[in-house]
Amino acid sequence: MNTSASLRALLAASASVAAFVLVTPAAAQTASEAVEVGEVLVTAQKRTENINDVPLAVTAVSGEKLDAIRSSGGDIRVFSARVPSLTLESSFGRTFPRPYIRGLGNTDFDLNASQPVSFVYDEVVMETPVLKGFPLFDIDQVEVLKGPQGTLFGRNTPAGVLKFDSAKPTNTVEGYAQASYATFSTINVEGAVSGPIIDGVLAARLSALYQHRNDWVDNTQGGDKNDSEGYDQFAIRGQLLWTPTEELSALLNLHYQHLDGTPRVFRANIIQQGTNNFVPGFKRDEISQDAQSRAVQKIESSGANLKLTYDFGEGLPELTSITAYERVDAYSRGDIDGGFGASFAPPFGPGFIPFPSESADGIPFHRQFTQEIRLAGDSGSLAYTVGAYYFNESIKIDSYSYNTLAGGALDGYAYQNQKSESWALFANVDYDVSEQLNVGGGVRYSDDKKDFLAQRTLSPFGAPPTAILTTSPDASEVSFNVNATYSATDNLNLYARVARGYRAPSVQGRLVFGDTLSVADKETLMSYEAGIKGKLPEARARFDAAVFYYKANDLQITAVGGGANFNRLLNADKAVGYGFEFNAEMEPVDRLMITAGLSYNNTEIKDPALFTQPCGAPCTVLDPAGPIAGTVRIDGNSLPNAPKWIANITAGYSWPMGEGEIFVFTDWAYRSKVNFFLYESAEFNDDKLLEGGLRLGYRAAGGAWEVAAFGRNITNDRSLEGGIDFNNLTGFVNDPRIVGVEVKAKFGGN
């Protein structure tokens, strides 16, 4: 696919917005002197601040943009490329996102995978990847923090943090209900009700979500119509806010979700050998699989957290305690080779299928407990936070292999048990040297230990059971950040930040298809960032821009697939990345709101001694041969799933009609070429993805109700999102165009 035309178009649009933001706001003043772009408040430093005063790159998503990108029942991956330097993908499905910030992420598909991007839901870290897929509903704001966040958010944040804040209980009665119906009978119903139980003392909020999509992919091998890609998902959240005095508050959060669907559909031999093009005749709504009838994915998770806050009074600190408990059960079974039959058991297809592959993974037991205590104060010129953190997790993983040619009979089984324990002490301080200059910094000491054991009791290859294999990696590390912010004018801030991030050791042991454990040592990363944040005269626009450079030592990477369906953890000696990011929001004339984002990321693995096994499928490897037959060197390659360019733009306009308004909103997201694996090949990459959304409707006065038609991926862009390389030229793709209608009503509030 040719990327130049679409890249030029979107970059030109973003550049035009940027230029307009920077040089023409004065012309817009005459349109409406009173209108200004609203202030954005974030909690990136665990206290409420204006986004322009925060000395790090952070993007906030809320309001109309958040509503639009979620309108087709999408999961967390809808944020991919809609924030500069952020992409998300998954080979699992709706509940196992793999995030990447500034090119740093992890392609590991095992259920205990370690990721360098942390997900924080309502101030609670979600460690296990399946927990990170908790559906989004009744969300107040999403914040994307870029670069190492170890001081305040702990280990496993060298790339950044995705922070989700749900709407909280209110002291006035309010709520909303919305429902949509779209292509493939996609249903999205959600709502919330909030208000006081005891006026001024006890308030509650109850939120719920139901999502459904019919199976819409036909299986031509079995003759089954509408055989896969459907789901039913339900989630609920209840919150109680107790404020017996002005000083004390307690917020209890209980949440639950259940998913019943099918896993990500792998499609055999959809890539033309020697290119990354789809094969002629490829249809997104068709597969040919012999194990699809047994494909299933079930997820159930629940959790509770209690946030206690006590304010010791004016000039004194505030004490915060957050106690949290999470659990998840999961099971997913699918057709991994993506086709039917085998070369030794014809018929087979589509294309050449060397052997069948059908497997499953499950989490029969998981528990996560976390405790954070922090003391925060602000004396005017000095603001500080000191605290302690504790994390404890136990997880059991079952892995299964099945003989597809024998009707799906079990032929392989292994299990993994992992216990993780971590504790940390941290402190962060900001000091106003003068009215214009603020300096700050923080430090965190982390101590981590894992106890891991695994065993294979049944092999699909006839190998004997393994012994019980064990390992117990541990590490400690100091993370820190130093920053300075200079107020050049009342509307313009300059900042610089140096930060060190840390990722704890990782373990994998997928013994169904292997005989050994792999351990990745701890990873550290140094990041250097400088930026500018401001709003323009008359506050008609707001913008921020940053440049950055980082160097990772002992970068944890995952050699996925290759000649077998398992992962191998590696440490690359070094990896470097550099680039820039830009965000802007403006209202050049009344009722027209525009946002734009742009990022450039260049990443490179630096390890001349590092080599890995390339595809087992008949792909065209582009890397030089390694020191062992069947391996290739990957020194100089970019990191997997790390596009150089990301660009996004939104525009919304409304026209008064009656007592309400007609509105239109469009959003577009572009990401450039990505490579799916550590090695480079002609086949396992995608040149670009460009998806657009459109929303048109009527909104009553005060937003009391609205009705809208919407479309997602309105140009029906067809792109590869990943590949499976150990069997054939298997790929998985983005969703097709979805169109639908939505109604929403609000009540109460101010």
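**Disulfide, cavities and a few residues**

Student: How many disulfides does a search of the whole structure find?

Tutor: One disulfide turns up in the whole structure. A disulfide here is a pair of cysteine sulfur atoms within 2.5 Å. This is a predicted model, where local features need pLDDT of at least 70, side-chain atom pairs count only at pLDDT 80 or more, and totals for chains, interfaces and linings use all residues. Residues are numbered from 1 along each chain as its sequence is written, and side-chain values use heavy atoms, with hydrogens and water left out.

Student: Which cysteines form the disulfide?

Tutor: Cysteine 615 and cysteine 619. Their sulfur atoms sit 1.6 Å apart.

Student: Are cysteine 615 and cysteine 619 buried or exposed?

Tutor: Both are buried. Buried means under 20% relative accessible area, exposed means over 50%, and partly exposed is in between (1.4 Å probe, protein chains only).

Student: Why is the disulfide called left-handed?

Tutor: The torsion about the S-S bond of cysteine 615 and cysteine 619 is about -70°, so it is left-handed.

Student: New topic. What is the mean pLDDT of the chain?

Tutor: The mean is 92. Of the residues, 94% reach 70 or more. pLDDT is the predictor's confidence in each residue, from 0 to 100.

Student: Which elements have the lowest and the highest mean pLDDT?

Tutor: Helix α2 (residues 25-29) has the lowest, 34. Strand β15 (residues 231-242) has the highest, 98. Helices (H or I, at least four residues) and strands (E, at least two) are DSSP runs, numbered from the N terminus.

Student: Where is the pLDDT below 50?

Tutor: Over residues 1-35. Beyond near neighbours in sequence, that stretch has 58 contacts in the model. Contact means heavy atoms within 4.5 Å. Where pLDDT is low, the predicted coordinates should not be read in detail.

Student: On to holes. How many cavities of 30 Å³ or more are there?

Tutor: The structure has 16 of them. On a 1 Å grid over the protein atoms alone, a cavity is a set of points where a 1.4 Å probe fits but cannot get out; a pocket is an open set with protein on both sides within 12 Å along at least five of seven lines; lining residues have an atom within 4 Å of a point. Grid points are joined across faces, edges and corners, and a volume is the space filled by probe spheres set on the points.

Student: What volume does the largest cavity have?

Tutor: About 800 Å³. It is lined by 41 residues, and Asp75, Arg77, Glu721, Asn734 and Asp735 are the closest to its centre.

Student: Which element gives the largest share of that lining?

Tutor: Strand β4, with three residues. β4 (86-89), β16 (248-261) and β41 (689-699) each supply at least two. By type, the lining of the largest cavity has 15 nonpolar, 13 polar and 13 charged residues. Ala, Val, Leu, Ile, Met, Phe, Trp, Tyr, Cys and Pro count as nonpolar, Asp, Glu, Lys and Arg as charged, and the others, Gly among them, as polar.

Student: And what volume does the second largest cavity have?

Tutor: About 480 Å³. Of its 32 lining residues, Ser91, Phe109, Phe266, Ile336 and Ile724 are the closest to the centre. The lining of the second largest cavity draws its largest share, four residues, from β43.

Student: How much space lies in the second largest pocket?

Tutor: About 880 Å³. Of the 38 residues lining it, the closest to its centre are Ser62, Glu64, Glu585, Met593 and Thr595. β37 supplies the largest share of that pocket's lining, six residues.

Student: Last bit: single residues. Where is glutamine 141?

Tutor: In strand β8 (residues 139-146). At 12% relative accessibility, glutamine 141 counts as buried.

Student: Where does isoleucine 353 lie?

Tutor: In the loop between β21 (345-349) and β22. Its relative accessibility is 0%, so isoleucine 353 counts as buried. Leaving aside neighbours within four places in sequence, its contacts include Phe340, Phe348 and Asn727.

Student: Where is aspartate 218 placed?

Tutor: In strand β13 (residues 217-219). Aspartate 218 is buried, with a relative accessible area of 15%. Outside four places in sequence, aspartate 218 contacts Asp224, Lys225, Asn226, Asp285, Glu286 and Ile287.
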